[in-house]
Amino acid sequence: MRGRHSIIAFGPPGAGKGTHAERLVRDFGLERIATGDILRAAVADDTPLGRQAKPYMEAGALVPDELVIPIVEARMRATPHERGFLFDGFPRTIAQATMLFEAAERVGAPVEKVIYLRTPQEVIVTRLTGRRICRRCGAVFNTETMPPKVAGVCDACGGELYQREDDTEATVLARLRVYEEQTADVMAFYRDRGLVVEIDGALPAEESYPMIAASLGAVS
Ligand code: AMP
């Protein structure tokens, strides 16, 4: 991939956006902007943004555009991006997609590809309710499909594993409804512009990642 680009990892919660985003950042030198991570950090630090966002996140609802869009604009302006950006969990509404399209052009890293991880609901529920994350290094495990060697302990660094508060079954189902009602339409925005690469999100990451990387290799 030459030049500067913005790439979007898109799909329902639990499609594998974060897992692929980490590898894409490493392999393609992109700067990751993950709105979920930014918002969770704001909640943990109890900032004014965090206090406003928390009730929406706990309910599995979208945080309003008026809060999310300015954070992303500021992050894009403040981050040096020699190669471009990788967006994870953003955009989730048409207003966000419109803002990003323009802002990415403005900073010289236009949106080049949207990696759409199409994933069936039953796969998502298993992945998210079983998901455990290392507090120290961020490695992701799954109690059903990828258990750590010792329950509750990270194989990679020995850190403590935790479950995200919004990964309980009731909240996962709410997040999926929100995705269907508010976010799935964003796909049409990108399809109209011919930017979508569709990947089977049910495949294990080791199988789907090479397809994703190959599709970006073609970006010039
Ligand atoms: P994620 O880590 O991407 O699954 O996001 C976790 C939660 O953060 C979501 O359920 C929303 O409440 C909130 N969130 C993250 N990104 C956005 C966004 N682009 N727009 C609105 N809310 C968001």
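A nitrogen atom of the ligand sits 3.0 Å from an N or O atom in the side chain of Q96, a polar contact in the sense used here (a pair of N or O atoms within 3.5 Å; within protein, one must be able to donate a hydrogen and the other to accept it, and residues adjacent in sequence count only if both atoms are side-chain atoms). Before going further, please keep in mind that this is a predicted model, in which local features need pLDDT of at least 70 and side-chain atom pairs count only at pLDDT 80 or more, while totals for chains, interfaces and linings use all residues. Residues are numbered from 1 along each chain as its sequence is written, and side-chain values use heavy atoms, with hydrogens and water left out.

## The ligand and its surroundings

| Residue | Protein atom | Ligand atom | Distance |
|---|---|---|---|
| T35 | polar side-chain atom | nitrogen | 2.8 Å |
| V63 | polar backbone atom | nitrogen | 3.0 Å |

The shell around the ligand has 16 residues, of which T35, R40, A61, R92 and Q96 come nearest. A residue belongs to this shell if one of its heavy atoms lies within 4 Å of the molecule. By type, the shell divides into seven nonpolar, four polar and five charged residues, where Ala, Val, Leu, Ile, Met, Phe, Trp, Tyr, Cys and Pro count as nonpolar, Asp, Glu, Lys and Arg as charged, and the others, Gly among them, as polar. Helix α2 supplies the largest share, four residues; helices (H or I, at least four residues) and strands (E, at least two) are DSSP runs, numbered from the N terminus.

## The nonpolar cores

What holds the interior together in terms of contacts? The largest nonpolar core has 32 residues, and M76, F87, L100 and Y190 have the most contacts inside it. A core here is a set of buried Ala, Val, Leu, Ile, Met, Phe, Trp, Tyr and Cys residues joined through side-chain atoms within 4.5 Å. Buried means under 20% relative accessible area, exposed over 50%, and partly exposed in between (1.4 Å probe, protein chains only). At least two residues of this core come from each of β1 (5-10), α2 (35-44), α3 (48-59), α4 (65-78), β3 (84-88), α5 (94-106), β4 (111-118) and α8 (186-192). Of these, α4 gives the most, with six residues. Apart from this core lies another, of 15 residues, among them I7, I199, I212 and A213.

P91 itself is found in the loop between β3 and α5.

## Buried residues elsewhere

In helix α6 (residues 121-129) you will find I124, which counts as buried because its relative accessibility is 1%. Leaving out neighbours up to four places away, I124 meets P12, P13, T119 and L176. I124 and A15 are 109 residues apart in sequence, yet their C-alpha atoms are 6.6 Å apart in space.

P12 and P13 turn up again around Y179, which touches F10, G11, P12, P13, Y116 and A184 when residues up to four places away are not counted. Y179 belongs to helix α7 and is buried, at 7% relative accessibility.

D167 lies in the loop between β7 (161-162) and α7 (169-183). With a relative accessible area of 0%, D167 is buried, and beyond four places in sequence D167 touches L128, T129, R131, V172 and R175.

R131 is also touched by N142, along with T126, R127, G130 and P147. N142 sits in strand β6 (residues 140-142) and is buried, at 5% relative accessibility. A polar atom of the N142 side chain lies 3.4 Å from the backbone oxygen of T126.

## A backbone exception

D46, in the loop between α2 and α3, has a positive phi of about 55° although it is not a glycine. D46 is partly exposed, because its relative accessible area is 45%.

Key: Contact = heavy atoms within 4.5 Å.
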